[in-house]
Amino acid sequence: MAEVAANGGGMIPETFRGPAADMAAQMGVMWELIKAPLIVPVLRLSVYVCLAMSLMLFFERLYMGIVIILVKIFWKKPEKRYNWEPMRDDLELGNAAFPMVLIQIPMYNEKEVYKISIGAACNLSWPSDRIVIQVLDDSTDPFIKDMIEKECIRWASKGINIKYQIRETRGGYKAGALKDGLKHDYVKECEYVAIFDADFRPEPDFLRRAIPFLVHNPQIALVQARWRFVNADECLLTRMQEMSLDYHFTVEQEVGSSTHAFFGFNGTGGVWRIGAINEAGGWKDRTTVEDMDLAVRASLKGWKFVYLGDLQVKSELPSTFKAFRFQQHRWSCGPANLFRKMVMEIIRNKRVNVWKKFYTIYSFFFVRKIIAHMVTFFFYCVVLPLTIIVPEVEIPKWGAIYIPCIITTLNSVGTPRSIHLLFYWILFENVMSFHRTKATFIGLLEAKRANEWVVTEKLGDALKNNKANAKPAAKRTTKSLLGDRILPQELAFAGFLFFCGCYDFMYGKNQYFIYLFLQVITFTIAGFGYIGTIVPS
């Protein structure tokens, strides 16, 4: 440093001014100049922030783990906690003993699965004159619209009360379709509405098991069923999704229902009291999570929710990586955007107690929807690799190894059959945390893609049909291939982690390179699009 000062008192050494200076040496000198005064303090602060977020997530997972054990051992089942009696035929009242129920099936170009959901809804065990099935078709493809309409006509000819509804515009997307569906005159007779996405197929006894909770408990607004996945074994991508969603249903939804009678509506596979929807302000399209929006607003009005883990609805997981990325963008961006819009409304609310407000703001939104994504990405994909290059900053073993291992173990309770895939699930979740963190910031800042809505593509039996009727695939342009398969950001992260892994292998002392090289492989696989089902052109 004395030499630098002697050469004019500037921060740039004389060697930088020589045209023949070695570039690597110059960069090394510059790195040393900025490392101590700038890089080390910023990185150390980042470590402290990430450790704090890790502890928040750890205690949240630990709390839910303890509660779910208590629920399973000591809590009564929902049928015992609430008034519940099976729906029975009444000789005097006849079918009038059954309440009027509306079934809403929103659709958008659902060519592969529309028959499944319509058929399942039409086969529900409920008096035919006490049920209205409403197919809300926002399809833009005239051929698909014609197929869906003909399917509705086919069921109507069998005596099923089914309505085929279309709109002039697709404003508000799913929320707009559901809201518009409730405006029809025949809906005024209905007390409850069950919602099923196009790939959902409820069992015939679904309404008979769910509706009694609403009939006998006027304080309940929502009965949510659990999702089961018919294509969980299709590929490794669907197995990873099953592990994440099983934890959500087995633990998060169960804990929310048992302790606070509140949880996020999953958007499908549930039954709402129409009066509660209206009191909460109806469907709103201000975010991409209209289901969570309605649930939070209804909860703030004092309504209670019930989750039924043993009432299961079959559905389909997105099996292409492109569809999964779009879905995760919506599921990560939407809650963050809703948190931005509703946090002050929750704080000012007078109808719910302080504990429920704290649970909703801190646990439901802040830790699960924001912190969980950010700590996974920043800590394990950015900060930890950087501490290898900057050895002056150390991460304690409890933060780098023990806490993550405990959190991962707690996450695995939802899907015991996939315990052998746990390590790969960690690596895959780290890759997806990049997309989720980016989407979370977009939602919090309400940036350009905050309200982007891309319907999750479901394949149904499309792959089987393609194989049975195989035709030569059309040639794809290089631009199309790169856009669908090659993901430069994932490949860039793979390069960054590879550099850090090589540095740790040569100079490090913690042997993080083992984890880093495995993470490099996962980022590279994702970057070249070799995850999930590859759909032929």
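These are my notebook entries on a predicted model of one protein chain.

**Ground rules.** I number residues from 1 along each chain as its sequence is written, and my side-chain values use heavy atoms, with hydrogens and water left out.

**Whole chain.** I looked up the helices and strands, and the chain has 18 helices and seven strands. Those are DSSP runs (helices are H or I, at least four residues; strands are E, at least two), numbered from the N terminus. Next I checked the radius of gyration, taken over C-alpha atoms; the globule rule is 2.2 Å times the number of residues to the power 0.38. For 537 residues a compact globule would come out near 24 Å, and the chain has 27 Å, which agrees. Along its principal axes, the C-alpha trace spans about 105 × 60 × 40 Å.

I call a residue buried under 20% relative accessible area, exposed over 50% and partly exposed in between (1.4 Å probe, protein chains only). By that cut-off, 53% of the 537 residues are buried.

**Helix α8.** This helix runs over residues 236–260, which is 25 residues. The expected span is 1.5 Å times one less than the number of residues. α8 is mostly covered, with 22 of its 25 residues buried. Just after α8, Ala261 has a positive phi of about 50°.

**Cores.** In soluble globular proteins, nonpolar side chains tend to be buried together. I count a nonpolar core as a set of buried Ala, Val, Leu, Ile, Met, Phe, Trp, Tyr and Cys residues joined through side-chain atoms within 4.5 Å. The largest one here has 95 residues, and Ile103, Ile118, Leu207, Trp272 and Phe305 have the most contacts inside it. Its largest share, seven residues, comes from strand β5 (residues 220–229). A second, separate core has 50 residues, including Met243 and Leu487.

**Thr533.** Where does Thr533 lie? I found Thr533 in the segment after α18 (513–527). Thr533 is buried, with a relative accessible area of 13%.

Notes: This is a predicted model: local features need pLDDT of at least 70, side-chain atom pairs count only at pLDDT 80 or more; totals for chains, interfaces and linings use all residues.
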